[in-house]
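Have the structure open as you read.

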Amino acid sequence: MAAQQEPQQETYPPPPDLARDAVAQPELYERADADRLAFWHDQAKELLSWETEPTEVLDWSRAPFARWFADGRLNVAHNCVDRHVEAGHGDRVAIHWEGEPGDRRSITYAELGREVRRAANALEALGVRRGDRVALYLPMIPEAVVAMLACARIGAPHSVVFGGFSADALRSRVDDAEAVVVVTADGGYRRGAPAGLKANVDEALGDPARGGGSVRTVLVVRRTGQDVGWDDDRDVWWHDAVDGASEEHEAPALEAEHPLFILYTSGTTGKPKGILHTSGGYLTQAAYTHRNVFDVRPESDVYWCAADIGWVTGHSYIVYGPLANGVTQVMYEGTPDTPTRERWWEVVERYGVTLLYTAPTTVRTFMKWGAELLEGHDLSSLRLIGSVGEPINPEAWTWYRTHVGSGRTPVVDTWWQTETGAIMISPLPGVTTTKPGSAQRTLPGISAAVLDDAGEPVTDGQAGYLVLTEPWPSMLRGIWGDDDRYVETYWSRFPGRYFAGDGARLDEDGDVWLLGRVDDVMNVSGHRLSTAEIESALVSHHRVAEAAVVGASDDTTGQAVCAFVILRAREDAEDAEDAEDEGVGGEDGEALVAELRDHVAKEIGPIAKPRQVLVVAELPKTRSGKIMRRLLRDVAEGRETGDVTTLADSSVMGTIRAGMGGPA
Ligand code: WT7
């Protein structure tokens, strides 16, 4: 990780009218600095409605296991829906939903409330009790939001599994959380075609010997109308269970620390981590950050976060933050190029979107498609645009501001993680003079530092490790079922401080520049993938003896998955059908590479499919047998190989390059 020097950049002060009347003013920093815990206490009371207001703020006596607002009681779903109706905003649209084929629904807060209460009753009628886990495996349809809120309402933590994950990935997540119900759909639309979901659920749960045994019921939303397999003892149509259910449902007051959801994310080992979030602190910070970072005016804004509900961005910035703030939002089911590459700009125009939140990879895709596609559209409603998921390079930042923000809107680059639950580092749009490519400052109430290997703060713009130095309300409360891994992963590298796994440096103004992951986690299109998980998928293929995976830089996706594999010797390959493929070169080699790429997609999901699979004779290893991924990254990125002196066999890199016919 080398400190890079970026050229002198243009900076952008907040537009004067926004500076004057922005929701977040400079005094927010002052209040938080004066008394951090009192500040969070005020946010909790001001932004949320509590059945019992908390008198305690933070209990850190069992650090790193935190309790926030522990004597408070609230209902998260009530906060996200019912209270807005009670306050007279029932007719406000909560969600303008647009399906990929062009079907549309606008759902008011009053309607959303009725749906959530019906679904809560339906789940209870299916025997779901407080504390039971419910897995959701759904496309981007309103029922996904309804199901999450219904779970929150009855205190059954949800575990949303991204619809692009495979049956195997779904099964392992269902098993880890011991979910009792899976909510899914027959399918969803993706690039103009219905993609199956129920079929994957059937595959995941079909053979009890392999897992899935905790699931009693599969609740199925009819979305595409495609044919689905059916198990009468297990499967129930959503419309049968929910449509006829009563719309009266008393929201119980739950403890602030009641578990709200588990969300699995990739770590440095093959096994995904179930990140646990709880209610009061999480909702406080989701609402606080959404309101202040996006300068939210619920009466007039139309907000659009173009994430998927399967990721934390969808949890905090489609469901909990925006709905807690009572805003009107757009939700879109499909891809940006269906039916044409102008789909997004049509959506912005149609609903008059004012606030847009997306990922750098999408911005770079639009850049590649060309600014002409935006020119025929009226994007004047946009007043603030945000970025999340990976470092945004200054060129993409500037293109985003120029073409999407019409050269006038603030851009907020927001750094956070599944584990942090909500935004931690970001400009405040009415306060911060923005710098393309920097996430800039910890938000009021948040404390971070950049440390060197010895745990000392770095100086002079050197690169170091990003840590969070104080607990925060929406912090993860642990890893589901694995307290030791929680302590080990996040709190051991620098005792007493949270290790984020990201490299960063501070510039001369003290602004933070994120430099990407420092561990074996890749970031592909803003999705976190573990090298170890993809390696184990590859070695589960009968032809593969050993695999090493690296994230190589990619112009569009940020990083791309590159795999190096060593094949098993012919006599080892037990599989008879194998006998016909000869060697690895030529067409057979190509067929095998294609098969391995598909195998990863099948094991984990299409997002994990390697961009490249390179068959090699050996892998570079240290004398202690550790694969030197740094060197493989050099190869994958077409660079000269760096320092090879720690290799057990220094000729290996030459062999790899020779076998590939030079840099890939
Ligand atoms: C990792 C977390 C946060 C929601 C989506 C991803 C990277 C995230 C930024 C940013 C630079 C970023 C980090 C982080 N990341 N936002 N604005 N600038 N890097 O959540 O899947 O938990 O991934 O995404 O590397 O550790 P996630």
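Helix H10 (residues 280-293) and helix H11 come together at an angle of about 85 degrees, which falls between 65 and 115 degrees, so H10 and H11 are roughly perpendicular to each other. Their axes are 8 Å apart. Bear in mind that this is a predicted model.

Which residues make that contact? On the H10 side you'll find Tyr 282, Leu 283, Ala 286, Ala 287, Thr 289 and His 290, and they meet His 315, Ser 316, Tyr 317, Tyr 320, Gly 321, Pro 322 and Ala 324 in H11. Sorted by class, the contact has 8 nonpolar, 5 polar and no charged residues.

H11 (residues 312-324) has another packing partner to look at, helix H6 (residues 142-154). Here the angle is about 60 degrees and the axes are 11 Å apart. H6 and H11 are therefore oblique to each other, and their crossing is right-handed. From H6, the residues involved are Val 145, Met 148, Leu 149 and Ala 152; from H11, they are His 315, Val 319, Tyr 320 and Leu 323. That contact has 7 nonpolar, 1 polar and no charged residues. His 315 and Tyr 320 turn up here, and they also meet H10.

| Helix pair | Angle | Axis distance |
|---|---|---|
| H10 and H11 | about 85 degrees | 8 Å |
| H6 and H11 | about 60 degrees | 11 Å |

Now for the sheet behind these helices. What is the strand order in the sheet of 7 strands? This open sheet runs S5-S4-S17-S16-S18-S19-S20, and its pairing is mixed. Strand S5 (104-108) and strand S20 (411-414) are the edge strands, each pairing on one side only. From one strand to the next, the twist averages 20 degrees. At the S20 end, strand S19 (residues 384-388) pairs with S20 in the parallel sense over 4 bridges, and Val 388 stands opposite Thr 414 in S20.

H6 packs on this sheet, where it touches strand S4 (93-98), S5 and strand S17 (328-332). The direction of H6 makes about 30 degrees with that of S5. H11 packs on the sheet too, touching S4, strand S16 (302-305), S17, strand S18 (355-358) and S19.

S21 and strand S22 (residues 463-468) run antiparallel and are joined by 4 bridges; Val 450 has Leu 466 in S22 as its bridge partner.

On to the annotations. UniProt (unreviewed entry) gives the feature "binding site" at Arg 190, Arg 191, Gly 192, Ala 193, Thr 313 and Ser 525. These positions span 336 residues in sequence and their farthest two C-alpha atoms are 25.1 Å apart, so they do not all gather at one spot. One of them, Gly 192, sits in the loop between strand S9 (187-190) and strand S10 (193-196).

Note on methods. Residues numbered from 1 in each chain as written. Predicted model: local features only at pLDDT ≥ 70, side-chain atom pairs only at ≥ 80, totals over all residues. Heavy atoms only, no water. Pairing = 2+ DSSP bridges. Helix = DSSP H or I, 4+ residues; strand = E, 2+ residues; numbered from the N terminus. Axes fitted to C-alpha atoms, helices over the stretch in contact; angles between N-to-C directions. Parallel < 35°, antiparallel > 145°, perpendicular 65-115°, else oblique. Left-handed = near helix turned anticlockwise from the far one by under 90°. Contact = heavy atoms within 4.5 Å. Nonpolar A, V, L, I, M, F, W, Y, C, P; charged D, E, K, R; others polar. UniProt positions renumbered as here; feature names shortened; annotations may be inferred.
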